[in-house]
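Colleague: Could you walk me through this one while I have it open? I'd like to go residue by residue where we can.

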Amino acid sequence: MSAKDVKENVRKEKTKTVEIKLIPVYVMGKRYLVSETLTIMKALEYAGYRFIRGCGCRGGICGACATVYRKPGDYHLRVGLACQTVVEPDMYLTQIPFYPANRARYDFEKLTSSPEEIFKLYPEVFRCLACNSCTKVCPMDVPVMDVISAIKQGDIARAAALSFSCIQCGLCVSRCMGELPQYHIFQLARRIYGGKIVPKAQHLAEAVEAVKSGRYEEELEKLKKSDLKQLAEIYEAREIEPEMAGEDWRPSKA
Ligand code: SF4
Ligand code: SF4
Ligand code: FES
């Protein structure tokens, strides 16, 4: 292909008109036409809604954008994350910006690694009826009911591993017949596991000691006194971990 042809192709690509198909969706009962390629979150914004709450990372991580919807002729009540779910024709939807859930107060330092700690703080775990509605509703495929079972069996390590992907969206709470605040319970299980069961990592302990000993103070003071241009230069000149670096790699100044 000649250079002229390449140029012509680039020009055509740039001027190509993309046809956008609009589809109807219903937000809290009101009909809007939105592009079929949008996520629910973007469709709501396209329709004129402005998010002040119920929107955070836009990347399926923060759990702020739980959405409930139904499709015509389908009795299922569906759920999803507004930032991840693409609109469908005639979708009836609404956002659940926050679903209240009881969160126990505790002094983590005073807790032990015993499952009894969870039982004391969240006795409602034993109200679970094993209906599995929570698992069915979870947009992150957390086996919610199994996590509750693991906790009831005292297996905190299993509960922590199984609930690792929980983003605290609250959808499981919205469906729970036993009125459990699952995501708070899971968070406590993971905290106990990470803070009191897993052996401490030696390299982390060393790094914490280095911070406490003031090893980085001089460097930090220098950074605090730098202007934007100097900061940019320092950033550009920073030592980057090489690709495929082994676990024992450390920056030369560490
Ligand atoms: S476990 Fe519950 S709070 Fe966590 S992501 Fe699943 S539905 Fe959301
Ligand atoms: S929805 Fe509630 S009651 Fe049902 S299995 Fe899950 S935790 Fe148990
Ligand atoms: S905005 Fe964070 S998960 Fe959707």
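This is a predicted model: local features need pLDDT of at least 70, side-chain atom pairs count only at pLDDT 80 or more; totals for chains, interfaces and linings use all residues.

Colleague: Fine, let's start with the ligand. Which residues surround ligand 1?

Modeller: The residues around ligand 1 are Cys-138, Pro-139, Met-140, Val-144, Cys-166, Ile-167, Gln-168, Cys-169, Gly-170, Cys-172 and Tyr-183.

Colleague: And how does the shell around ligand 1 split by class?

Modeller: The shell has nine nonpolar and two polar residues, with no charged residues in it.

Colleague: I'm also looking at Phe-186; where is it found, and is it buried or exposed?

Modeller: Phe-186 belongs to helix H8, which covers residues 182-197, and it counts as buried because its relative accessible area is 2%, where the cut-off is under 20%.

Colleague: What does Phe-186 touch, leaving out residues up to four places away in sequence?

Modeller: Phe-186 is in contact with Val-142, Val-144, Val-147, Ile-148, Ile-151 and Ser-163, and Val-144 is also one of the residues surrounding ligand 1.

Colleague: What about Tyr-32 and Tyr-49?

Modeller: Tyr-32 and Tyr-49 form an edge-to-face pair, with 5.8 Å from centre to centre and 70° between the planes. This pair also links distant parts of the chain, because Tyr-32 is in strand E2 (residues 30-35) while Tyr-49 is in the loop between helix H2 (40-46) and strand E3 (66-70), 17 residues apart. Tyr-32 is buried at 15% relative accessibility, and Tyr-49 is partly exposed at 29%.

Colleague: Which residue lies over the face of Tyr-32?

Modeller: That is Lys-30, at 5.3 Å from the ring centre of Tyr-32. Elsewhere, Arg-238 lies over the face of Tyr-235, at 3.8 Å from the ring centre.

Colleague: New topic: where is Thr-85, and what is its side chain doing?

Modeller: Thr-85 is in the loop between strand E4 (78-81) and E5, and a polar atom of its side chain lies 2.8 Å from the backbone oxygen of Leu-81. Thr-85 is buried, with a relative accessible area of 15%, and, apart from neighbours within four places in sequence, it contacts Leu-38, Thr-39, Ile-40, Tyr-69 and Gly-80.

Colleague: Last one, what is phi at Ala-130 and at Asn-132?

Modeller: Phi is near 55° at Ala-130 and near 70° at Asn-132, a positive value in each case. Most residues other than glycine have a negative phi.

Colleague: And where do Ala-130 and Asn-132 lie?

Modeller: Ala-130 lies in the loop between helix H3 (115-121) and helix H4 (133-137), and Asn-132 also lies in the loop between H3 and H4. Asn-132 counts as partly exposed, at 25% relative accessibility.

Definitions and conventions:
Residues are numbered from 1 along each chain as its sequence is written. Chains are lettered from A and ligands numbered from 1 in the order in which they are written. Side-chain values use heavy atoms; hydrogens and water are left out. A residue is near a molecule or strand if one of its heavy atoms lies within 4 Å of it. Ala, Val, Leu, Ile, Met, Phe, Trp, Tyr, Cys and Pro count as nonpolar, Asp, Glu, Lys and Arg as charged, and the others, Gly among them, as polar. Helices (H or I, at least four residues) and strands (E, at least two) are DSSP runs, numbered from the N terminus. Buried means under 20% relative accessible area, exposed over 50%, partly exposed in between (1.4 Å probe, protein chains only). Contact means heavy atoms within 4.5 Å. Rings of Phe, Tyr and Trp (its six-membered ring) pair if their centres lie within 6.5 Å; planes under 30 degrees apart count as stacked, over 60 as edge-to-face and the rest as tilted. A charge sits over a ring if NZ of Lys or CZ of Arg is within 6 Å of the ring centre and within 35 degrees of the ring normal. A polar contact is a pair of N or O atoms within 3.5 Å; within protein, one must be able to donate a hydrogen and the other to accept it, and residues adjacent in sequence count only if both atoms are side-chain atoms.
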